[in-house]
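Colleague: Hi! Could you walk me through the side-chain contacts in this one?
Modeller: Happy to, here it is.

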Amino acid sequence: MAGQILKIQYKKKMSEIITTDFLIKALQAEALQTTPFDFLGVSLDSRKKLKDKVFFAIKGKNFDGHDFLSQALEKGAKAFVVSDKKKAEALFKKKEVSIFLVKDTLKALQDLAQSWRKALKIKIIAITGSNGKSTTCSFAHTLLSDFSVFVSPKSYNNFIGVPLSILNVNKKSSFLVQEIGTNAPGEISFLTQLCQPDISLVTMVAPSHLEGLKNLESIAQEKKQIYLKSPKAVWLFNKDNLWTKKMWEELAKKDSIYFSSQDEKADVNFHFLKESIGKSVIKGHIGDIESSAELLFSGQENLSNLMGACAVALSLGAKPDQIWKKVSQCHVPKGRQEYFFMEKQKVSILFDAYNANPASMNFFLKTCQKASQSRILILGDMKELGEDSKKYHKELACHPCVLEARCVFFIGEYSALIEEELKKNNFKGKFKAYKTYNKTLLTDLKKELKTGDFLGLKASRSLALERLAFNLTGKDFLA
């Protein structure tokens, strides 16, 4: 298998595929008006440049794309997929555009993506997991940088985002690294079948999105669908996570690849030789090649993500020695255990507020424990944990890293609970609670912050802790 997949190149240009006839057939649409254009991608955003693109008027809970048809026209869209004929009538006079009427524009987007996927001559790597999806995708992009790789943008991992990724793949790309997310049963099954991946990976299973998935067993069953719905794909497994190890034991095939820090017989095996916040040295093997590398990040979760990305490259036929040459070039995406040093104040900052669940919070706090400086933590609610929210926030207040901190700031509805639990656990430092983010937090933090301190920031994305980090440092951590 080695070297075979990497030789595959993109065969057709997008403009040779997305024609008016292709759209009508894929969408099963009524063509209210057509012009002989070839279309270069699709979009839902009428605020962006839309030259030669197909605009889908998607309806959501709080918006209706049909209200922005005129704006999309001004931005250069050449075709419109609509479900509201009356709202589209104003466009009928524009002879240079095509208008397609469907019952459901979201389903039409998904149908088009499915047809487009069948026409694509590329390999798709599908990655899901409770944590580490985006980081593993980013690392894989770096390791495969000698080839033309398209990575799903930001959070393009749901019913809307995955079709958009597939439909907007760069026309020169050989690979699409696609993140797949879920917060309810059935999503991964649907999206996997839409992607038809050639490589499938679950990074890990941990408590997340419990409002929709209820418990760890349900999460594991949902994540496992990425394997069950891609029977022809090469399956990659993380043997360091209890749940994904069970998947390996149940599902592993002859061509499956697995990675582990604990199992030296793994196809990819790394361990830390040296580790400090924002910097580490690892040693191990990729395939049959042993080596070591310096990294500009730390943390066991990130090490697992790196091994997963190496397994992706290995499964695509990349040679182990070539993968090793790229390992040191990997860096964490914005907002995920991102290290920053404030030179003037000599303050170290670890920012990890892209998202938060119990597992990622635990990984973050374990990394913070490696700081030798006096520690200040700014933490916030972990969202979407359903009935177990109180349980997991109580556990947070028991973590040694929190109890050893000089000062803890907590934002959110569980601030009172955290304060109560800290008192029960004989917390000796200062605690300050905030029901919502406000400017007082920055003022209070500056009063507490001393030269040489370590500052750790972690909370769910909805709390937008990057506002505090930017006001403190002038650096945009989630740009």
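Colleague: Let's start with W324: buried or exposed?
Modeller: W324 counts as buried, at 7% relative accessibility; buried means under 20% relative accessible area, exposed over 50% and partly exposed in between, with a 1.4 Å probe and protein chains only. Keep in mind that this is a predicted model, where local features need pLDDT of at least 70, side-chain atom pairs count only at pLDDT 80 or more, and totals for chains, interfaces and linings use all residues. Residues are numbered from 1 along each chain as its sequence is written, and side-chain values use heavy atoms, with hydrogens and water left out.

Colleague: Good to know. How many aromatic pairs are there?
Modeller: Twelve aromatic pairs, taking rings of Phe, Tyr and Trp (its six-membered ring) with centres within 6.5 Å; planes under 30 degrees apart count as stacked, over 60 as edge-to-face and the rest as tilted. One of them joins F270 and W324: the ring centres are 5.2 Å apart and the planes stand at 50 degrees, so this pair is tilted.

Colleague: Where do F270 and W324 lie?
Modeller: F270 is in strand 12 and W324 in helix 12 (residues 320–327), so the pair ties together parts 54 residues apart in sequence. Helices (H or I, at least four residues) and strands (E, at least two) are DSSP runs, numbered from the N terminus. F270 is buried too, with a relative accessible area of 0%.

Colleague: Which residues form an aromatic cluster?
Modeller: Y227, W235, F237, W248 and Y258 form one. The charged end of K239 also sits over the ring of Y258, 4.4 Å from its centre; the rule is NZ of Lys or CZ of Arg within 6 Å of the ring centre and within 35 degrees of the ring normal.

Colleague: Switching to charges: how many salt bridges?
Modeller: The count is 22, where a salt bridge is a side-chain nitrogen of Lys or Arg within 4 Å of a carboxyl oxygen of Asp or Glu. Among them, E338 and K475 meet at 3.3 Å, N to O. E338 is in strand 15 (residues 338–342) and K475 in the segment after helix 18 (466–473), 137 residues apart.

Colleague: Are those two buried or exposed?
Modeller: Both E338 and K475 are buried. The charged end of K475 also sits over the ring of F477, 5.2 Å from its centre.

Colleague: And what about R406 and D453?
Modeller: Their side chains meet in a salt bridge at 2.8 Å, N to O. R406 is partly exposed at 22% relative accessible area, while D453 is buried at 3%.
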